[in-house]
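Visitor: I'd like a quick walk through this protein, ring by ring and strand by strand. Could you show it to me first?

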Amino acid sequence: MQVEVQMKMKMKMKYLCYILVVVCCFSMMSCSRQVVSESWISIEGETVSNQQPGDANVDNETENGQDVSNVGDSSGNVAGTSGGDTSSNSGNTKKTTTSTKKSNKQSNILYRNITIKKSSTKLEDAYKNTFKGKTYTCIYWNKTVDSGFKNRINSFAQSYGCTIKIDGSGFEQVRSNMAKALSAGKAYDMVRMHGSWHPRAVVANLLVPLEDAFTTADVVTDTGTAGIDLKKSKYFAWGNHLYALTTFSDVSVSALYYNKKILKGDDDLLTLYKKGQWTWAKVKELALKYSDGPHRLAVKGFMDNSNALNDAQLIKETDLGNGQIKLEANFAGNEALIHALQFGYALRNKDTGVKTGLYAKIGKDCFWSNAEGESLSNKDAFLAGKILVYSDEVGSFSTLYRAAMGSNATGLDRNPDNLGLVPSPLGPDNKSGKYAAGWVYGWGAGRGCDTTAPKMVAAFCKYYSTYKAETGTPSATDLKVNAATQKAKEPFDKLYRNLNFYNLSFGTENGSMVDMTYTWNKNISAGGDITAMLKTLQPQAENHLKTSLAYQ
């Protein structure tokens, strides 16, 4: 009988463990950007400034359930911790964080009532002895951890006297690996967060809040770039908490690289931009002008951001005050979205319904496509001069500048001065002037982590914002590359302070809003009716939105 009872207990425990893993992994699907009102974060009663003045020294070096009650106590413990002395914990015995999941019945309300403590003491001073002698673990989204990432981690660890072990993971396996580690009692202390995982990772109860781990002394100012960027960290907010932190430039921002050897004079794209003449109409004009020669104005990837460039928000926001924002799906009848999709259709497809039909006039796609029998990548095709425009991240300039000196850069005459960089043009419906942002990246602390881990994550995020690799004495080439990079990025300095985070982060186990973009791309490519298609997608979008928000 005793053996039988033991066997039943083992089966129950096995079943409970299975349920835990399923719950942790449930809803972990691909998702995208989230937009909330600009006044959701306050500093002890004061609204954070939303102005966009000044210039920034941008250095974009990105790598390619839920706790709603644990907000810290009067003793100053970090949100999500179990208390104790977190100012100078040494040794490796982990005190771990805990978290509980709560449901919100008002499924169309987004809660954003977060207060950041005022202080003049910077965390590098407050935490100078907090992490000494401790060993932390960090999970990273690539199986092979690149040297640049390791150098950042090791430099921070050396500065604070701790050790950080990095576990490389497949991109799609990060969240499931976090759940497995949590179940095994070996939770990750730091997580390299990708924007497509939010809010799924929070809903799955894999992260702890971070808003109590730093103060106003550690945030980016209106004109600065160093520190924790509250404006961009709002991307990772959920149910009155911040679940990841990010920096000023830790966000994917794409632009157009162009061939200045061909596109020069009145057709120089940066000159057009500075004159306020770089528009979608000009893209069409130049596409036609250069369609008959040996080159094409191919800007593959440009239309991937066209909706955001046209300020076509898929979520309608109504600020109800007190940190509450009502969100409504905005697919059907969204004129800015319709115009953006029509523009992309006009460039990429035959004229079957859209009057501008560039395809019919040119005879083939204006956009570079490997499906046309070319074996070159977009980058190599650009360097070889087969296409005149190439879409890539702003942070790729120094790499492309060096490549322009190489033997394969025949289209640029192997002269890096023929490499141009210009922001993508905004759409005609974009009255706010906001530039399109891609994925936001950040840093989170895993549920079950060491009690000092939230502070360590905040400290690392701030350290990351000012990190510069030690390269020794720069060569003449290095100096040239650095100077050219700094100059090329100047037009983007203000854009980084006025970004449009395209909201696609909501979804259910059956799909998400980001999946709906694949639906409309396929539909439009087949010549479908854009207006009718968006009307059909509207109820699906509403379901994705309400189902996700119910988990706050």
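**Core, rings and a sheet**

Visitor: Which residues is F214 in contact with, leaving aside its neighbours within four places in sequence?

Guide: First, a word on the source: this is a predicted model, where local features need pLDDT of at least 70, side-chain atom pairs count only at pLDDT 80 or more, and totals for chains, interfaces and linings use all residues. Residues are numbered from 1 along each chain as its sequence is written, and side-chain values use heavy atoms, with hydrogens and water left out. Contact here means heavy atoms within 4.5 Å. With those sequence neighbours set aside, F214 touches I116, L123, Y127, V219, I228, L230, L242, L245 and A458.

Visitor: Which residues touch the most other members of the largest nonpolar core?

Guide: A nonpolar core is a set of buried Ala, Val, Leu, Ile, Met, Phe, Trp, Tyr and Cys residues joined through side-chain atoms within 4.5 Å; buried means under 20% relative accessible area, exposed over 50%, partly exposed in between, with a 1.4 Å probe and protein chains only. This core has 135 residues. The ones touching the most other members are I164, F214 and W520.

Visitor: And which element gives the largest share of this core?

Guide: Helices (H or I, at least four residues) and strands (E, at least two) are DSSP runs, numbered from the N terminus. The largest share is eight residues, and they come from α14.

Visitor: Are the rings of Y235 and F236 stacked or edge-to-face?

Guide: Rings of Phe, Tyr and Trp (its six-membered ring) pair if their centres lie within 6.5 Å; planes under 30 degrees apart count as stacked, over 60 as edge-to-face and the rest as tilted. For Y235 and F236 the centres are 4.9 Å apart and the planes at 65°, so the pair is edge-to-face.

Visitor: Where in the chain do W443 and F460 sit?

Guide: These two make an edge-to-face pair, at 4.7 Å centre to centre and 80° between the planes, and both are buried. The pair links distant parts of the chain, 17 residues apart: W443 is in strand β16 (residues 441-444) and F460 in helix α14 (residues 453-466).
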